[in-house]
Amino acid sequence: MQDSFKRKIDYLRISLTDRCNLRCRYCMPAQGVKKFSHRDILSFEEIERVIRVCRELGFTKFRFTGGEPLVRRGVMDFLEQLPPGDWYLTTNLAVDGLDLDRLNRLPLAGLNVSCDSLKPDRYRWITRLGELSAFLQNLAGVRSDNLKINAVVMKGFNEDEIEDFIDFGERHRATVRFIEKMDFASGGPGFSSLSEIKKQLITRGIIEPEGKQIRNSVSSYHDLKGRAGKVGFITPVSRHFCPTCSKIRLKANGEIKLCVFAAENFNLRDLLRSEPEDGVIRDRLAELIARKPFRPEGPRTKETMAEIGG
Ligand code: SAM
């Protein structure tokens with residue numbers, strides 16, 4: 001399905017819940033977070049319906065996120081019964097009592113795990129509630145052929161850990177992706193531009209100068225020099241990826257978000273609950289996709305990233 005700018009829109013990012021076990025400073029405030037009421041959160045059956053309709057529209061890639069997707073009750077049952085497809089999951093992995101055998105058996109094409117510091121005190125500080133040891137213990141039990149470690153780089157916080165992360169990724173056969181912090185209704189340390197960090201890594205012979213773009217990925221990848229593996233850079237601030245954007249979002253409350261920065265969302269939940277015909281849902285989604293703006297326009301959202309789903 002194409003939008004009005006001839007971009008192929010075939011990637012749906014699905015937030016399974018707005019609840020999270022952590023309170024990362026750049027993602028959500030410590031207190032006063034308004035949660036969706038349970039009756040507003042889409043059931044798994046409703047989410048499956050949206051997926052089915054999106055597949056009919058030509059969507060091929062689906063990522064489950066949150067909040068923290070793995071804290072939603074019944075999530076493993078839901079993920080286990082997915083039909084063959086390109087399913088991805090983004091998690092902080094710092095969830096207590098995680099059934100790693102079950103996680104490893106899920107039919108996922110890729111697993112992204114988030115970790116912003118490899119130093120226990122910093123990890124605790126940035127997540128407000130998390131323990132690095134819990135993340136590391138779970139990571140040690142993860143088996144994935146396509147594992148990515150996402151680290152948001154922030155001024156004066158973890159800029160000195162870039163090489164530690166690269167080594168850490170190599171040890172875990174994972175691709176580390178550095179992310180620029182976006183300004184949402186949150187806080188946390190300041191913005192750090194990745195272009196300078198990338199330049200330094202090239203100058204010091206740690207990564208190859210040429211980056212590669214992969215379709216349906218917001219990251220540009222650079223091979224490590226003289227070693228196996230690569231490093232990704234996600235630069236939503238210093239270099240927008242609007243021209244190649246292929247994505248829309250489904251929030252846990254059934255709102256469709258056409259652009260991550262936009263204040264305006266579109267309620268699909270009421271239609272899902274009142275309309276028995278899939279064709280009507282499909283037409284509505286097609287109509288919304290046609291309205292996807294080329295770049296952020298209009299008022300900026302005041303939502304937190306935890307609500308949007310990253
Ligand atoms: N709880 C899961 C996790 O931590 O991966 C999934 C949800 S989280 C919102 C998804 C991703 O968004 C994480 O990698 C997180 O670091 C990133 N994120 C959250 N707020 C951000 C911000 N202000 N700027 C850039 N990335 C952000």
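Which polar backbone atom lies 2.9 Å from a nitrogen atom of the ligand? In this predicted model, the atom in question belongs to Gly67.

The ligand is surrounded by 18 residues, of which Tyr26, Gly67, Glu68, Ser114 and Met182 are the closest. An N or O atom in the side chain of Tyr26 is 3.1 Å from an oxygen atom of the ligand. In Glu68, a polar side-chain atom lies 3.0 Å from a nitrogen atom of the ligand. On its own the ligand has 550 Å² of accessible area, and the protein covers 95% of this area. The shell around the ligand draws at least two residues from each of strand E3 (86-91), strand E5 (147-153) and strand E6. By residue class, the shell consists of six nonpolar, nine polar and three charged residues.

Across the whole structure, a search finds 10 aromatic pairs. One of these is formed by Phe44 and Phe78, which count as stacked because their ring centres are 4.6 Å apart and their planes meet at 15 degrees. The two residues of this pair are 34 residues apart and come from distant parts of the chain, with Phe44 in helix H1 (residues 44-56) and Phe78 in helix H2 (residues 75-80). Both Phe44 and Phe78 are buried. A stacked arrangement is also formed by Phe184 and Phe261, with 5.7 Å from centre to centre and 10 degrees between the planes. Phe184 is located in the loop between E6 and helix H7 (194-203), and Phe261 in the loop between strand E11 (255-257) and strand E12 (266-267), so this pair ties together parts that are 77 residues apart in sequence. Phe184 counts as buried because its relative accessibility is 10%, and Phe261 is likewise buried, at a relative accessible area of 12%.

Phe44 and Phe78 also belong to one aromatic cluster, together with Phe62, Phe64 and Trp87. Elsewhere, charged side chains are placed over aromatic rings. Arg25 lies over the face of Trp125, at 4.0 Å from the ring centre, and Lys61 lies over the face of Tyr88, at 4.7 Å from the ring centre.

Although Val50 and Leu250 are 200 residues apart along the chain, their C-alpha atoms are separated by 8.8 Å. In strand E1 lies Arg13, a residue that is buried because its relative accessible area is 12%, under the 20% limit. The C-alpha atom of Arg13 is 6.2 Å from that of Phe64, a residue 51 positions away along the chain; Phe64 is also one of the members of the aromatic cluster. Asn138 counts as buried because its relative accessibility is 10%. The side chain of Asn138 reaches the backbone oxygen of Leu93 at a distance of 2.7 Å.

The backbone geometry includes positive phi values at residues other than glycine. In Lys6, phi is near 65 degrees. Lys6 is found in the segment before strand E1 (11-15) and, with a relative accessible area of 65%, is exposed. Arg173 is not a glycine either, yet its phi is positive, at about 50 degrees. Arg173 is situated in the loop between helix H6 (162-171) and strand E6 (175-180). The relative accessible area of Arg173 is 77%, so this residue counts as exposed.

Technical notes: Residues numbered from 1 in each chain as written. Predicted model: local features only at pLDDT ≥ 70, side-chain atom pairs only at ≥ 80, totals over all residues. Heavy atoms only, no water. Helix = DSSP H or I, 4+ residues; strand = E, 2+ residues; numbered from the N terminus. Buried < 20%, exposed > 50% of the residue type's maximum accessible area, 1.4 Å probe, protein only. Phe/Tyr/Trp six-rings, centres within 6.5 Å; stacked < 30°, edge-to-face > 60°. Lys NZ or Arg CZ within 6 Å of the ring centre and 35° of its normal. Near = heavy atom within 4 Å. Polar contact = N/O pair within 3.5 Å; in protein donor to acceptor, adjacent residues only side chain to side chain. Areas by Shrake-Rupley, 256 points an atom, 1.4 Å probe, with all protein chains shown as cover. Nonpolar A, V, L, I, M, F, W, Y, C, P; charged D, E, K, R; others polar.
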